[in-house]
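Please have the sequence and the model at hand while reading.

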Amino acid sequence: MNLKKLMTSLAGMCLLAGGLLAQNVCVSTPNTSLLLKAPKGGELRILYYGQKLTDADLKTFEADWGMDAAYPAYGQDWNCMKETAIAVKHPDGNLTLQLVVDEVLTTDTDHATETCIRLKDKLYPFYVNLCYRAYNDVDIIEAWTEITNCEKKPVVLNQFASAYLPIRRGDVWLSHLYGSWANEGQLVQEPLMPGATVVIKDKDGVRNSHAAHAEVMFSLDGRPRENEGRVIGAALCYGGNYKLRVETYDNDFHDFHGFFAGINEENSAYTLEKDETFVTPVLALTYSNEGLSGASRNFHRWGREYKLANGDKLRKILLNSWEAVYFDFNQEIMDQMMADIAEMGGELFVMDDGWFGGKYKRNTDNCALGDWVVNTEKLPEGIEGLLADAKKHGIKFGIWIEPEMTNTISELYEKHPDWVLEEPHRGILPGGRGGTQLVLDLSNPEVQDFVFGVVDNLMTKYPEIDYIKWDANMSITNHGSQYLPADRQSHLYIEYHRGLEKVCQRIRAKYPNLTMQACASGGGRANWGILPYFDEFWASDNTDALQRVYMQWGTSYFFPAIAMASHIGGVPNQLTFRVIPLKYRIDVAMSGRLGLEIQPKNMTDEEKALCKQAISEYKIIRPVVQQGDIYRLLSPYDKLGAASLMYVSPTKDKAVFYWWKTEHFMNQHLPRVPMAGLDANKLYKVHELNRIDNEPLSCEGKVYSGAYLMANGLELPYNHKVDYQKQSDYASRVLYLEAVED
Ligand code: DGJ
């Protein structure tokens with residue numbers, strides 16, 4: 001590692017009228033630049049964020065005063081009236097800060113350059129480091145803040161954003177995700193209007209992506225477009241409560257929208273001890289001039305390369321037992337499902353909830369969380385027996401846990417009532433599934449050891465376990481830690497996630513190759529703060545394929561297909577009565593990390609054969625789907641009757657094109673969808689996957705130029721030619737494109 005002080009080698013230097021030596025700090029990735037003005041003793045300001053600046057461009061910024069403070073602090077001048085990134089209370093009761101540049105340091109690591117701009121308060125020994133990590137090979141800049149108190153007594157942090165970014169006004173549109181349990185990842189797109197403030201926040205305490213999401217995109221050139229236009233994307237990498245704010249000030253001085261992102265400070269004022277440093281979560285920023293899909297590709301590449309656990313390894317095709325049998329199983333049933341998935345070509349079987357419990361057996365969801373011993377009434381041969389079955393069928397075995405929780409009906413709670421979150425004077429307030437669920441207090445190191453032990457004990461006893469589904473089905477509904485002192489109760493939300501992170505770090509240090517899924521009543525943990533410890537997330541408890549088209553579309557804005565568990569469910573399923581044909585369910589599931597969530601025993605031989613064919617074809621396209629670049633083509637949210645997207649391999653020699661009918665009117669006219677992301681000069685041979693039609697498509701086996709496909713797309717029939725009347729509702733197509741020589 002090469003550490004160099006960057007006081008002299010900054011991108012530009014000039015003398016301002018006031019006599020301050022102004023140094024411009026340019027933080028760059030291959031195609032983007034963030035430019036800051038860092039005059040020693042003066043205010044740190046943001047000059048620019050966008051397309052990469054050339055040396056000539058940099059010169060033009062030398063005397064520029066910039067858009068706004070890089071990290072507005074409450075207390076002086078304009079910052080009293082404006083929104084701020086940081087607000088504190090000093091030991092003497094003073095509420096003000098005036099941060100000025102002290103020094104700038106850069107560090108080169110293997111894959112990135114880290115720039116740390118040290119700010120200090122003009123009056124108090126109080127320091128704020130603004131840190132930026134700019135990657136050399138992906139267009140992401142990670143921004144975070146380190147806040148240090150060198151005063152004689154504790155300072156209270158009332159506001160402590162990770163970062164701030166001014167965004168030039170114009171016709172700027174915001175894209176973000178909203179939803180609810182079973183309807184996660186819904187795309188919302190809205191123009192940023194003068195005078196309006198957009199606040200996107202979460203207060204669940206445990207999980208944070210069922211409703212709002214901690215990621216946004218700004219389309220700078222009017223109504224959002226998928227493959228054109230300038231876009232800034234931002235993702236807060238934090239598993240706990242967050243708050244993103246977009247302020248549009250309407251006065252002479254503000255030609256920009258102010259974007260703040262960080263931990264949600266509501267009920268979380270943080271007492272920073274003398275000599276303590278508070279490190280905020282990272283805000284990952286990206287810029288693309290290739291539209292929303294371009295920003296997504298940047299997030300996906302960075303995610304796979306630097307964030308997601310095992311982001312470089314292809315995922316196994318699995319069968320999960322939950323929607324197949326719920327709590328109602330025994331060893332024979334598990335063995336039968338393993339045999340069936342193995343026969344269909346699957347590679348992994350995951351036993352979901354219901355396998356444990358000593359004094360209280362987990363046959364419903366109201367008991368036994370925390371009592372992680374095998375229920376030998378159901379599974380007389382224990383986990384050993386199941387592992388032996390999996391081995392016999394030539395597949396891997398995975399298991400479900402919910403280690404952060406307990407129930408009022410459990411041996412754990414009987415033994416350790418002091419381990420749960422509980423308001424001391426009002427008594428416990430169980431809730432969640434079964435109405436008896438309680439959240440363990442992860443601020444307590446003993447609880448951290450216990451939670452680590454849940455995974456560690458399983459893995460020590462049964463090292464062949466290949467996969468763990470880690471669930472979390474309850475929010476913090478009862479503010480109170482029995483571990484934290486009375487005057488530190490406002491640290492609860494933050495300490496909970498620090499505790500969780502410590503546990504996850506220990507697990508990953510010991511079991512780096514274990515595949516782990518972050519599940520939280522479905523899609524409650526799709527966040528880049530969680531994913532460094534997990535290989536994937538369960539996108540939703542709703543496996544209804546039509547609704548999944550919408551949810552997965554939204555989720556794909558920030559998360560790659562490799563991380564998005566997407567299963568073929570049964571029909572009707574636990575939530576909907578709709579009977580969607582298997583072909584459509586397969587075609588939707590195959591656009592993410594493919595799995596099944598269905599009892600194979602209830603499938604016909606024909607259905608099993610179709611799944612078998614899909615699994616073998618998914619194995620061919622798996623590298624393209626899981627490691628390729630996404631191009632979203634036709635949005636289901638545009639209500640044009642269909643949705644379409646594609647993945648293209650990094651070398652552009654292979655691609656997979658998906659098309660799903662989303663509205664179901666007879667003789668409806670649907671648009672033909674031009675493709676994107678191909679090499680215009682390459683020739684591609686087309687092959688339909690998961691074909692059910694009696695006749696092949698007219699494009700089957702034909703060769704088209706990339707240029708033609710990107711200008712015109714292909715004419716696809718809106719219906720399947722099997723049984724015209726019955727199959728027309730849920731038509732869908734998956735095409736595999738392979739580059740061929742002339
Ligand atoms: C909620 C999860 O989202 C489901 O997939 C399943 O694992 C259940 N919990 C089991 O209780």
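## Domains of the chain

The protein chain is assigned domain 1 (10–270 + 282–307), domain 2 (318–401 + 447–478 + 514–628) and domain 3 (631–740), with bounds that come from an automatic or database domain assignment. The model is predicted, and local features need pLDDT of at least 70, side-chain atom pairs count only at pLDDT 80 or more, and totals for chains, interfaces and linings use all residues. Residues are numbered from 1 along each chain as its sequence is written, and side-chain values use heavy atoms, with hydrogens and water left out.

## Where domain 2 meets domain 3

Taken over C-alpha atoms, the centres of domain 2 and domain 3 are 29 Å apart. To their contact (heavy atoms within 4.5 Å), domain 2 gives 29 residues and domain 3 gives 36 residues.

The two domains bury about 2700 Å² between them, and carbon and sulfur atoms give 66% of this area; buried area is the accessible area (1.4 Å probe) that two parts lose on being put together, summed over both. Of the area that domain 2 buries against domain 3, Y550, W553 and K583 supply 29%, more than any other three residues.

## The side of domain 2

Helices (DSSP runs of H or I, at least four residues, numbered from the N terminus) that give two or more residues to this side are α9 (545–555), α10 (582–589) and α11 (605–627). The largest share, 9 residues, comes from α11.
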